[in-house]
Amino acid sequence: MTEDISTADFQSEGAVPKGAAPKVVLSGIRATGRLHLGNLLGPMRHFVTLSRSPEHLCYFFVADLHSLTTLPEPGLLARYVPEIVLDYLAAGIDPNDNVIYAQSSVGETCELAVLLSNLMILSHLQRCATFKEKARQQPHNVNAGLFYYPVLMAADILGPGADLVPVGEDQLQHVEMARDLARRYNAQYGTAAGARLVVPETLERAAVRIPGLDGGSKMGKSDGNTLNLNDDSEVAWEKLRVAVTDTNRKRRKDPGDPTKCNIFTLHTYLSSDDEVREVAQGCRSAAIGCFDCKKVLHANLMAELTPFQERRAELASQESLVSDVLCDGARRVRPVIADSTARVRAAMGIESRLSCRTK
Ligand code: TYM
């Protein structure tokens, strides 16, 4: 977003073009640290494009409840939630036309998760790759929240009735589980009027895996191999300078293989077609060294990050912007999720006893 956001005039109506049925887009980001280049070059730049199209009604949220599975420190969580909101805004998502909210501000999502958990197959949860990975990463804290993660994520997606879920490659299995859950639910309960759940799709072009600076196949917050969106030029260069390249290229005069180099993969996202061709040829013929190749990448990286960082600093200086955005987002999304939950509850045979509370 390049213009100033006015917090005074959020309008829920603004998200839905009159007379059209927009496709519902939904995605979330956990509040477990500062965002990195993998988040941006994977799904986030597609959030921005989709958020500007009148054919889409977009919901973007901060998955603070999901963050508890790996970040049990209350102080850090409270700090990171606003950071993610600022990142959404600085990336260019306009909160007037899109709904930005915190997962925890809609309690009905948790109710929906409990209802839908009865349709989740236990062995699917046991086979979940992210659960196994997290269990390996934090053997001291293999909690039930990690195991239940795909159920809550399915409720996140199915509650607002998402048609399209742009996520990185690592989240595809979770979305597939949500699709499976929706189908299973529809088969069992979907005959009643208005009871069916939307079976969501993923956005293929967003489902990529941006590799890490350590030579690993995925850039990830917990892997310590990231370029962060708030890294300044110096920090970014220090990280790039020591980043792993084609490990077979031992000396400057050895020809390299760009297909075995994560730095080259980053070039394909950040550099022009001509530059990509030039660094590939230069690497293969040893006309350029890894240092030269990294310098080109660094310049293109900062050309991307500097305007983002400037916008973000300006947004961060607007007092109460984040809380206004989150409150407005919760106000707009909550009736949608509450309605889906009520329909699922009724279809499953649970009568609404809300009136008992007042008796
Ligand atoms: P999180 O916070 O781990 O990641 C946020 C998004 O960034 C993507 N991503 C990547 N994409 C490409 N390359 C990488 N190296 C890379 N690292 C991260 C992730 O795939 C993700 O799209 N479970 C989600 C949060 C969530 C959610 C949802 C998303 C909760 N409920 C419902 C969509 C719909 C997660 O862990 O995001």
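This is a predicted model: local features need pLDDT of at least 70, side-chain atom pairs count only at pLDDT 80 or more; totals for chains, interfaces and linings use all residues.
Visitor: Which domains does the chain have?
Guide: The assignment gives domain 1 (7-209 + 319-358) and domain 2 (231-316). Such bounds come from an automatic or database domain assignment.

Visitor: How many Å separate their centres?
Guide: Taken over C-alpha atoms, the centres of domain 1 and domain 2 are 33 Å apart.

Visitor: And how many residues are in contact between them?
Guide: On the side of domain 1 there are 13 residues in contact with 10 residues of domain 2. Contact means heavy atoms within 4.5 Å.

Visitor: What area do the two domains bury between them?
Guide: Domain 1 and domain 2 bury about 1,100 Å², and 68% of it is on carbon and sulfur atoms. Buried area is the accessible area (1.4 Å probe) that two parts lose on being put together, summed over both.

Visitor: How many salt bridges are there between the domains?
Guide: The count between domain 1 and domain 2 is 2 salt bridges. A salt bridge is a side-chain nitrogen of Lys or Arg within 4 Å of a carboxyl oxygen of Asp or Glu. Side chains of opposite charge can pair when their charged atoms come close.

Visitor: How many residue pairs are in polar contact across that interface?
Guide: The rule finds 3 residue pairs in polar contact across the interface, both residues being at pLDDT 80 or more. The elements giving two or more residues to the side of domain 1 that touches domain 2 are helix H1 (37-51) and helix H3 (74-91). H3 provides the largest share of that side, 6 residues. By class, that side of domain 1 has 9 nonpolar, no polar and 4 charged residues.

Visitor: What do those terms stand for?
Guide: A polar contact is a pair of N or O atoms within 3.5 Å; within protein, one must be able to donate a hydrogen and the other to accept it, and residues adjacent in sequence count only if both atoms are side-chain atoms. Helices (H or I, at least four residues) and strands (E, at least two) are DSSP runs, numbered from the N terminus. Ala, Val, Leu, Ile, Met, Phe, Trp, Tyr, Cys and Pro count as nonpolar, Asp, Glu, Lys and Arg as charged, and the others, Gly among them, as polar.

Visitor: Back to salt bridges: how many does the structure hold?
Guide: The structure holds 18 salt bridges. One of them pairs Arg-209 with Glu-169, at 2.7 Å from N to O. Arg-209 is in the loop between strand E5 (201-202) and helix H9 (233-241), and Glu-169 is in the loop between strand E4 (164-165) and helix H8 (172-189), so the pair ties together parts 40 residues apart in sequence.

Visitor: Which residue does Asp-170 pair with?
Guide: The side chain of Asp-170 meets that of Lys-218 in a salt bridge of 3.2 Å, N to O. Because Asp-170 lies in the loop between E4 and H8 and Lys-218 in the loop between E5 and H9, this pair ties together parts that are 48 residues apart in sequence.

Visitor: What about Asp-231: buried or exposed?
Guide: Asp-231 is buried, as its relative accessible area is 6%. Buried means under 20% relative accessible area, exposed over 50%, and partly exposed in between (1.4 Å probe, protein chains only). Asp-231 forms a salt bridge with Lys-239, whose closest N and O atoms are 2.7 Å apart. Lys-239 counts as partly exposed, at 24% relative accessibility.

Visitor: New topic: where is Leu-77 found?
Guide: Leu-77 is found in helix H3, and at 14% relative accessibility it counts as buried. Not counting residues up to four places away in sequence, Leu-77 touches Ala-31, Asp-64, Ser-67, Leu-68 and Leu-71. Leu-77 and Ala-31 are 46 residues apart along the chain, and their C-alpha atoms are separated by 6.3 Å.

Notes: Residues are numbered from 1 along each chain as its sequence is written. Side-chain values use heavy atoms; hydrogens and water are left out.
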